[in-house]
Amino acid sequence: MDTVSNCCGALFHEPGWPDNDICGCCKEHADAVEQEEPSIEVIDLDKEFDWSAYKTEILNKSVKKYGTVIDALVGMDARIADLEQTIKGMREME
């Protein structure tokens, strides 16, 4: 049996119940319940994913595409602005 949060059925943040009453999923205070196993598995992306390597890969791809770091940043900024306009247009169609 696992002690999980009564809101999401997730394990509590370290060090766990009863020392910590913060749900591992929704990050809210929660009461504890007993279950055979957690209802949801929460993945900590900061521990599971190499963000540094990802950032380096994205920057290298962008520099290769645009030629320089400055041009890569300008290109990415333009792409973000384009996506924001696309999202705005989609929201207006709702």
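How many salt bridges does a search of the whole structure find? The search finds two. This is a predicted model, and every value below is computed from it.

An α-helix has 3.6 residues a turn, so residues three or four places apart point the same way.

The two partners fall into separate accessibility classes. Lys 61 has a relative accessible area of 52%, so it counts as exposed, the cut-off being over 50%. Glu 57 has 40% and is partly exposed.

Asp 82 is partly exposed, at 39% relative accessibility. Arg 79 is also partly exposed, with a relative accessible area of 46%.

## Helix α2 and its end

Helix α2 covers residues 51-66. The helix has 16 residues. From its first C-alpha to its last, α2 reaches 22 Å. This is close to the 22 Å expected at 1.5 Å a residue. Gly 67 follows the helix. The phi of Gly 67 is positive, near 105 degrees.

Is Ser 62 buried or exposed? Ser 62 has 10% relative accessibility, so it counts as buried, the limit being under 20%. The residue sits in helix α2. Leaving aside residues up to four places away in sequence, Ser 62 touches Gly 67, Ala 72 and Met 76. Gly 67 is the residue that follows α2.

Val 63 also lies in helix α2. Its relative accessible area is 23%, so Val 63 is partly exposed. With residues up to four places away again not counted, Val 63 touches Thr 68, Val 69 and Ala 72. Ala 72 is also on the contact list of Ser 62. Val 63 and Ala 78 are 15 residues apart along the chain. Their C-alpha atoms are separated by 15 Å.

## Aromatic pairs

How many aromatic pairs does a search of the whole structure find? The search finds four. One of them is Phe 12 with Trp 17, a tilted pair. The ring centres are 5.1 Å apart, and the planes make 40 degrees. Phe 12 is buried, with a relative accessible area of 8%. Trp 17 is partly exposed, at 36%.

Phe 49 and Trp 51 also form a pair, and this one is edge-to-face. The distance is 4.7 Å centre to centre. The planes are 65 degrees apart, and edge-to-face requires over 60. Phe 49 is partly exposed, with a relative accessible area of 38%. Trp 51 is partly exposed too, at 33% relative accessibility.

## A nonpolar surface patch

The residues of that cluster also belong to a nonpolar surface patch. The patch is made by Ile 43, Leu 45, Phe 49, Trp 51 and Tyr 54. Its area is about 490 Å².

Where is Ile 43 placed? Ile 43 is in the loop between β2 (32-35) and α1 (45-48). The residue has a relative accessible area of 53%, so it is exposed. Patch members need over 30% relative accessible area. Phe 49, at 38%, is partly exposed, and Trp 51, at 33%, is in that class as well.

## Thr 86 in helix α3

Thr 86 lies in helix α3. Its relative accessible area is 38%, so Thr 86 counts as partly exposed. In sequence, Thr 86 and Glu 28 are 58 residues apart. In space, their separation is 34 Å, C-alpha to C-alpha.

Note on methods. Residues numbered from 1 in each chain as written. Predicted model: local features only at pLDDT ≥ 70, side-chain atom pairs only at ≥ 80, totals over all residues. Heavy atoms only, no water. Patch = residues over 30% accessible without salt bridge, like charges linked within 9 Å, V, L, I, M, F, W, Y side chains within 5 Å. Areas by Shrake-Rupley, 256 points an atom, 1.4 Å probe, with all protein chains shown as cover. Salt bridge = Lys/Arg side-chain N within 4 Å of Asp/Glu carboxyl O. Helix = DSSP H or I, 4+ residues; strand = E, 2+ residues; numbered from the N terminus. Buried < 20%, exposed > 50% of the residue type's maximum accessible area, 1.4 Å probe, protein only. Phe/Tyr/Trp six-rings, centres within 6.5 Å; stacked < 30°, edge-to-face > 60°. Contact = heavy atoms within 4.5 Å. Expected span 1.5 Å × (residues − 1).
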